[in-house]
Amino acid sequence: MRLRRLFTALASTTVLLTHAVAIPQSNELEQTEQHEDEFRDTKYFHEPGDDDLLGHYDQRYFKGVVSYDERTDTLHHMIRAYLNTFRELGIETWIAHGTLLGWWWNGKMLPWDWDLDTQVSGATLEYLAEHMNRTTHRYTSDDKTITRDYFLDVNPFSTQRERGDGFNIIDARWIDVRNGLFIDITGLSETHPDLQPG
């Protein structure tokens with residue numbers, strides 16, 4: 001009797017599992033591959049992964065995940081280089097999002113943050129796109145012991161102020177070319193200034 005119950009339970013479980021597991025059909029696989037191709041075609045900035053760790057590196061300069069100490073050092077010098085360069089060029093910018101929260105709460109970066117966030121005006125974003133896009137900037141620390149290069153890259157989709165497919169919400173990046181860590185730069189602008197100004 002026990003053996004019969006065991007076989008009945010196994011058979012029921014097999015039937016349930018067979019119906020619970022969705023096996024993609026060939027047309028579903030084709031649609032998924034087509035969506036991935038479209039994603040690659042429309043997304044400008046690419047990261048080596050989409051999790052909290054790998055989503056904070058620019059794919060073009062990624063050589064591997066850095067240690068906590070290297071990340072902290074990178075972000076420290078990267079924000080100094082960014083702010084110094086923009087100040088020297090007379091370009092208005094300010095910290096934003098998690099970077100602003102860290103500064104507000106303790107005057108430092110949030111210890112778990114893997115990137116930095118800044119903003120510029122819409123006019124400044126246009127200026128960066130027209131005059132500074134895809135330029136490399138050399139930074140030397142105040143004590144002259146650190147020299148690094150950063151790449152400023154403006155997303156060609158940054159003029160599209162609607163969210164669209166959501167793949168191009170980052171307007172520009174300031175990227176450490178040694179390891180791919182970056183500052184996200186967001187341009188502030190109105191989506192419909194003629195219909196809803198301010």
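Trainee: How many bridges join S4 to strand S5?
Mentor: This is a predicted model. S5 covers residues 172-176 and runs antiparallel to S4. The number of bridges joining S4 to S5 is five.

Trainee: Which strand do six bridges join to S4?
Mentor: S4 spans residues 147-154, and its partner here spans residues 135-140. The two run antiparallel. Thr135 stands opposite Leu152, and Thr136 has Phe151 as its bridge partner. The strand joined to S4 by six bridges is S3.

Trainee: In the hairpin of S3 and S4, which residue takes a positive phi?
Mentor: Look at the link between the strands. Six residues lie there. The phi in question is near 65°. The residue is Lys144.

Trainee: Is S4 largely enclosed or largely open?
Mentor: Count its buried residues, where buried means under 20% relative accessible area. S4 has eight residues, and six of them are buried. The rest of the structure therefore leaves S4 largely enclosed.

Trainee: In what order do the six strands form the open sheet?
Mentor: The protein has five helices and six strands. From the N terminus, its elements run α-α-α-β-α-β-α-β-β-β-β. The sheet has mixed pairing. Its order is S1-S2-S6-S5-S4-S3.

Trainee: Which strands stand at the edges?
Mentor: An edge strand here has a single partner strand. One side of each is therefore left without a neighbour in the sheet. The two are S1 and S3.

Trainee: Which elements do the buried residues of H4 pack against?
Mentor: H4 runs over residues 97-106, and its buried residues are Gly98, Thr99 and Gly102. Down the helix axis they fall within an arc of 105°, so they line one face. That buried set packs against strand S1 (94-95) and strand S2 (116-121).

Trainee: Which exposed residues sit on the face of H4 turned away from its buried side?
Mentor: Exposed means over 50% relative accessible area. The face asked about is turned away from the buried side of the helix. The exposed residues on that face are Trp103 and Trp104.

Trainee: What is the area of the nonpolar surface patch made by Leu100, Leu101, Trp103, Trp104 and Trp105?
Mentor: Take one of its members. Trp105 lies in helix H4. Trp105 is exposed, with a relative accessible area of 67%. The patch comes to about 670 Å².

Trainee: How far apart in space are Gly55 and Leu181, C-alpha to C-alpha?
Mentor: Gly55 sits in the loop between helix H2 (26-42) and helix H3 (68-89). Beyond its neighbours within four places in sequence, Gly55 is in contact with Glu47, Gly49 and Phe182. Gly55 and Leu181 are 126 residues apart in sequence. In space the C-alpha separation is 9.7 Å.

Trainee: What is the relative accessible area of Asp58?
Mentor: Asp58 forms a salt bridge with Arg60, with the closest N and O atoms 2.8 Å apart. Arg60 counts as partly exposed, at 41% relative accessibility. Asp58 is buried. Its relative accessible area is 1%.

Trainee: Which residues does the network of salt bridges that share partners join?
Mentor: Start with Arg173 and Asp184, whose side chains meet in a salt bridge (2.9 Å, N to O). Arg173 is in strand S5 and Asp184 in strand S6 (residues 182-188), eleven residues apart. Both Arg173 and Asp184 are buried. The network joins Lys43, Glu47, Asp58, Arg60, Arg134, Asp153, Arg173 and Asp184.

Trainee: Is Lys43 buried or exposed?
Mentor: Lys43 forms a salt bridge with Glu47, the closest N and O atoms being 3.4 Å apart. Its relative accessible area is 15%. The cut-off for buried is under 20%. Lys43 is therefore buried.

Trainee: What share of the 198 residues is buried?
Mentor: The accessible surface comes to about 13,000 Å², with 56% of it belonging to carbon and sulfur atoms. Of the contacts with a separation of 6 or more, 62% come from residues 24 or more positions apart. The buried share of the residues is 33%.

Terms used. Residues are numbered from 1 along each chain as its sequence is written. This is a predicted model: local features need pLDDT of at least 70, side-chain atom pairs count only at pLDDT 80 or more; totals for chains, interfaces and linings use all residues. Side-chain values use heavy atoms; hydrogens and water are left out. Two strands pair if DSSP finds at least two bridges between them. Helices (H or I, at least four residues) and strands (E, at least two) are DSSP runs, numbered from the N terminus. Buried means under 20% relative accessible area, exposed over 50%, partly exposed in between (1.4 Å probe, protein chains only). The arc is that of the directions from the helix axis to the C-beta atoms. Contact means heavy atoms within 4.5 Å. Patches are made of residues with over 30% relative accessible area and no salt bridge: like charges are joined within 9 Å, nonpolar side chains (Val, Leu, Ile, Met, Phe, Trp, Tyr) within 5 Å. Accessible areas come from the Shrake-Rupley method with a 1.4 Å probe; for residues, only the protein chains shown count as cover. A salt bridge is a side-chain nitrogen of Lys or Arg within 4 Å of a carboxyl oxygen of Asp or Glu.
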